[in-house]
Amino acid sequence: MSIHEECGVFGVYDPAGDCARTAYYGLYALQHRGQEACGIAAINDRELSFHKDLGLVGDVFSSSILDELGGTMAVGHVRYATTGGVRRENAQPLTLKYVKGTLALAHNGNLVNTPKLRTDFEYRGGIFQTTTDSEIIAYAIAQERLHCPSAEEAVARATRHLHGAFSLIVMSARKLIAARDPWGFRPLCMGRRGDAVVFASESCALGAVGAKFERELDPGEIVVVEEGEVRSLRDNCKGASSHMCIFEYIYFARPDSVLCGQSVHDARRLAGRFLAKEHPVEADVVIGVPDSGLDAAMGYAEESGIPYGVGLVKNRYIGRTFITPGQQSREQAVRIKLGPLKSCVEGRRVVMVDDSIVRGTTSRQIVNLLREAGAKEVHMRSSAPPFIAPCYFGTDIPDKENLIACNYSPEEIRAMIGADSLGFLSLDALHQIAPDAACGFCDGCFTGKYPIDV
């Protein structure tokens, strides 16, 4: 098993039209959050059309498809499976036609009460077309809409029954609705571009479409856009406190994004500085594992005084290694993805900084690559603490039997990956890497303690 990437959501209202193309560019900026499938749904004259498939954004969409979709509103999604398998019907946005009209939904996160909700629907005659928990959310909204006066009220009522992580963008024939769970597990922000209103998982997607970041949605908040008017519903915010996934800073988010007021790049660089303080070593060069290890490596070099170098070159035409199914395929993908820069590492004592160690197999391969390139010593540093527990909120961190830190001591892990030394970021330091963040964090995968019952 492997650690899986979560998803990315994007939504736009623009009276000037061509919203599908805007969503396309937004999804391109969020491609790092999911490389399995993608889709866009759009509204033209209150009529819903959509296109989705397995594959990357650039492969699934063409200019003619985007022209056909058009739209004065659009919802987009990039996916990596958290619940459900790799099947075309699981691609999002999910679309429904029901007695009240049409509905499109994009979801980032994972529910922990999925089995109960699904069983309840099935015993009331519900027929599911996918294996995702996102379809349960869509059904819940559609059912509530039968008994309340508006789509936003239906979203508010439905989400009160959901337990877990959800950042949602919902589109009806006339409204674009964004909603965040009361715990704030997954990020969701809002921006503007002239008369257009844009929602996205990360602020980097706002910049990609020329929108100016306005703010992040609060935990439990629902924002409604109707004919250009923006309204906020906060009934579900009562008593809410944020527990955003701290792994967003370590790995998921793009370094040019800002989460809870904190630069992701700065957080990663600070993690590297803490690593240098907690795990110093005599070495000749500090390198990072592309991409999410690079900023931490810079921080390590700055704090330690050891020169920073480019020791690993990334093949830009291959996705993240854990996307590849099967352990043998993943290990081969490491060699395809990363090439050691011999002139940087040959004959040198190397500090190699990566974002985390999950199974240890990828780390072992990278250490071997550096030794083959002539590295005299390889000192491994992880800008995350050891994984000791699974995640239930949208990051498919493997069960404990597949987490190397659950079965072996740090010294045993060091020997298994073939490094000369090994250091993990401490939990205390982890909670100091985002000093400007105006939110709390979930660190359950590092502590085994979760903000809600699982």
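Leu341 sits in the loop between strand S19 (338-340) and helix H12 (342-345). Helices (H or I, at least four residues) and strands (E, at least two) are DSSP runs, numbered from the N terminus. The structure is a predicted model: local features need pLDDT of at least 70, side-chain atom pairs count only at pLDDT 80 or more, and totals for chains, interfaces and linings use all residues. Residues are numbered from 1 along each chain as its sequence is written, and side-chain values use heavy atoms, with hydrogens and water left out.

Leu341 is partly exposed, at a relative accessible area of 33%. Here buried means under 20% relative accessible area, exposed means over 50%, and partly exposed lies in between (1.4 Å probe, protein chains only). Together with Tyr308, Val310 and Val313, Leu341 makes a nonpolar surface patch of about 310 Å². Patches are made of residues with over 30% relative accessible area and no salt bridge; like charges are joined within 9 Å, and nonpolar side chains (Val, Leu, Ile, Met, Phe, Trp, Tyr) within 5 Å. A salt bridge is a side-chain nitrogen of Lys or Arg within 4 Å of a carboxyl oxygen of Asp or Glu. Accessible areas come from the Shrake-Rupley method with a 1.4 Å probe; for residues, only the protein chains shown count as cover.

The chain as a whole holds 17 helices and 23 strands. Its radius of gyration is 22 Å, close to the 22 Å that the globule rule gives for 454 residues, so the chain is as compact as a globular protein of that length. The radius is taken over C-alpha atoms, and the rule is 2.2 Å times the number of residues to the power 0.38. Along the principal axes, the C-alpha trace spans about 70 × 45 × 40 Å. Of the 454 residues, 59% count as buried. The accessible surface comes to about 17,300 Å², and 49% of it belongs to carbon and sulfur atoms. Among contacts between residues at least 6 apart in sequence, 69% join residues at least 24 apart. Contact means heavy atoms within 4.5 Å.

Val198 lies in strand S10 (residues 196-200). The residue is buried, with a relative accessible area of 0%. Residues up to four places away in sequence aside, Val198 touches Phe10, Gly11, Val12, Cys189, Met190, Gly191, Leu206, Val209 and Ala211. Leu176 is 22 residues from Val198 in sequence, and the two are 9.7 Å apart in space, C-alpha to C-alpha.

Two serines are linked to Asp355. Ser292 is in the loop between strand S17 (285-288) and helix H10 (294-304). At a relative accessible area of 5%, Ser292 is buried. Its side chain makes a polar contact of 2.7 Å with the side chain of Asp355. A polar contact is a pair of N or O atoms within 3.5 Å; within protein, one must be able to donate a hydrogen and the other to accept it, and residues adjacent in sequence count only if both atoms are side-chain atoms. Beyond residues up to four places away in sequence, Ser292 touches Ile250, Tyr251, Arg268 and Asp355. Ser383 occupies the loop between strand S21 (377-382) and helix H14 (404-407). Ser383 counts as buried, at 4% relative accessibility. A polar atom of the Ser383 side chain lies 3.4 Å from the backbone oxygen of Asp355. Contacts of Ser383, not counting residues up to four places away in sequence, include Ile250, Ala296 and Leu425.

In H10, the buried residues are Asp295, Ala296, Ala297, Gly299, Tyr300 and Ala301. These buried residues pack against helix H9 (264-278), S17, strand S20 (349-354) and S21. Gly305 follows H10, with a positive phi near 80°.

Backbone geometry was examined next. Most residues other than glycine have a negative phi, and most peptide bonds are trans. The bond joining Gln92 and Pro93 is cis, with omega about 10°. Pro93 is in the loop between strand S4 (73-79) and strand S5 (94-98). The bond from Pro290 to Asp291 is also cis, with omega near -5°. Asp291 lies in the loop between S17 and H10. Asp45 is not a glycine, yet has a positive phi of about 50°. Asp45 is placed in the loop between strand S2 (37-44) and strand S3 (47-54) and counts as exposed, at 75% relative accessibility. Cys260 has a positive phi near 55°. Cys260 is in the loop between strand S15 (258-259) and strand S16 (262-263) and counts as buried, at 10% relative accessibility.
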